[in-house]
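Take a look at the model below.

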Amino acid sequence: ALLAVVAVLLARSSRRLLLGRQADSRMVRSIELWLERQPEVDDVVDMLTMMTGTDRVLLCARVDFVNTYTAGDVEQACMRIDEDLHTEFPDLDEIFIQPVPRTNPTLRDRVLRRYGRVMADE
């Protein structure tokens with residue numbers, strides 16, 4: 001009976017990891033706030049996270065960068081942000097940062113459907 005209970009618990013845990021569940025909502029909110037405090041970032045438009053293992057998180061962030069930045073500036077900002085995010089949030093495994101405008105209506109609709117709110121400020 002004990003082995004059966006352990007097997008069921010392991011199966012549940014493995015199933016959640018295999019289905020790619022989102023990271024803890026407190027962590028997601030902390031990352032969003034951290035990103036919004038960066039000088040290169042105008043706004044966070046969308047964020048997707050997925051547990052890729054025990055205490056390992058994949059992060060995809062769609063970010064509206066300051067409009068006066070050149071492509072090279074955005075490149076440097078992405079590299080710095082990536083490094084600093086790994087330091088600030090050790091559970092982050094892979095980080096993908098995509099520059100997007102916060103006014104994209106298709107993306108805004110997807111974010112609204114997913115979270116019930118638009119992440120980017122008006």
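## Contacts of Leu85

Leu85 has contacts beyond its neighbours within four places in sequence. They are Ile31, Trp34, Leu35, Leu59, Leu92 and Ile95. Contact means heavy atoms within 4.5 Å.

This is a predicted model: local features need pLDDT of at least 70, side-chain atom pairs count only at pLDDT 80 or more, and totals for chains, interfaces and linings use all residues. Residues are numbered from 1 along each chain as its sequence is written, and side-chain values use heavy atoms, leaving out hydrogens and water.

## The nonpolar core

The largest nonpolar core has 24 residues. Such a core is a set of buried Ala, Val, Leu, Ile, Met, Phe, Trp, Tyr and Cys residues joined through side-chain atoms within 4.5 Å. Buried means under 20% relative accessible area, exposed over 50%, partly exposed in between (1.4 Å probe, protein chains only). Ile31, Leu35, Met47, Phe65, Ile81, Leu85 and Leu92 touch the most other members. At least two core residues come from each of α2 (25-36), β1 (41-53), β2 (56-65), α3 (71-88) and β3 (92-99). Helices (H or I, at least four residues) and strands (E, at least two) are DSSP runs, numbered from the N terminus.

## A hairpin

β1 and β2 pair in the antiparallel sense over ten bridges. Strands pair if DSSP finds at least two bridges between them. Met50 has Leu58 in β2 as its bridge partner. Two residues lie between the strands of this hairpin, and Asp55 in the turn has a positive phi of about 55°.

## Cysteines

The structure holds zero disulfides (pairs of cysteine sulfur atoms within 2.5 Å). Cys60 is partly exposed at 26% relative accessibility. Cys78 is buried, at 19%.
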